[in-house]
Amino acid sequence: MPEFSRIVLASGSSARRQMLEAAGVEFAIQPARVDEAELMDVFLRHTTGAPVIDLAQYLADAKAADVSSRHPGALVIGSD
């Protein structure tokens, strides 16, 4: 299993921050720099009838990928 030098939350969400703090997890916050509206549009144009959970996963993956590209070696948590 890989070892990560730090944990980074790819979100500015206060609810997600509070959950990690309540769990006693040390982490940094680095909101993703993605255009969610554009990503949603692309997803919906290419996945007619997909379950909403698939859209949430797609957005979370995009956020994590964006932040991961700027934080090599970190465990990045993307969520939506």
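**Salt bridges and a nonpolar core**

Modeller: Aspartate 80 is partly exposed, at 42% relative accessible area (buried is under 20%, exposed over 50%, partly exposed in between, with a 1.4 Å probe and protein chains only). This is a predicted model, where local features need pLDDT of at least 70, side-chain atom pairs count only at pLDDT 80 or more, and totals for chains, interfaces and linings use all residues. Residues are numbered from 1 along each chain as its sequence is written, and side-chain values use heavy atoms, leaving out hydrogens and water.

Colleague: Which side chain does aspartate 80 meet in a salt bridge?

Modeller: Lysine 63, at 2.4 Å from N to O (the rule is a Lys or Arg side-chain nitrogen within 4 Å of an Asp or Glu carboxyl oxygen). Aspartate 80 sits in the segment after β3 and lysine 63 in helix α3, so the pair ties together parts 17 residues apart in sequence. Helices (H or I, at least four residues) and strands (E, at least two) are DSSP runs, numbered from the N terminus.

Colleague: And lysine 63, buried or exposed?

Modeller: Buried, at 9%. Lysine 63 also belongs to a salt-bridge network with Glu36 and Asp80.

Colleague: How many salt bridges are there?

Modeller: Five. One of them joins arginine 17 and glutamate 21, with N and O 3.0 Å apart. These two are about one helical turn apart in α1.

Colleague: New topic: which residues make up the largest nonpolar core?

Modeller: Val8, Ala10, Ala64, Val67, Ala74 and Val76. Such a core joins buried Ala, Val, Leu, Ile, Met, Phe, Trp, Tyr and Cys through side-chain atoms within 4.5 Å.
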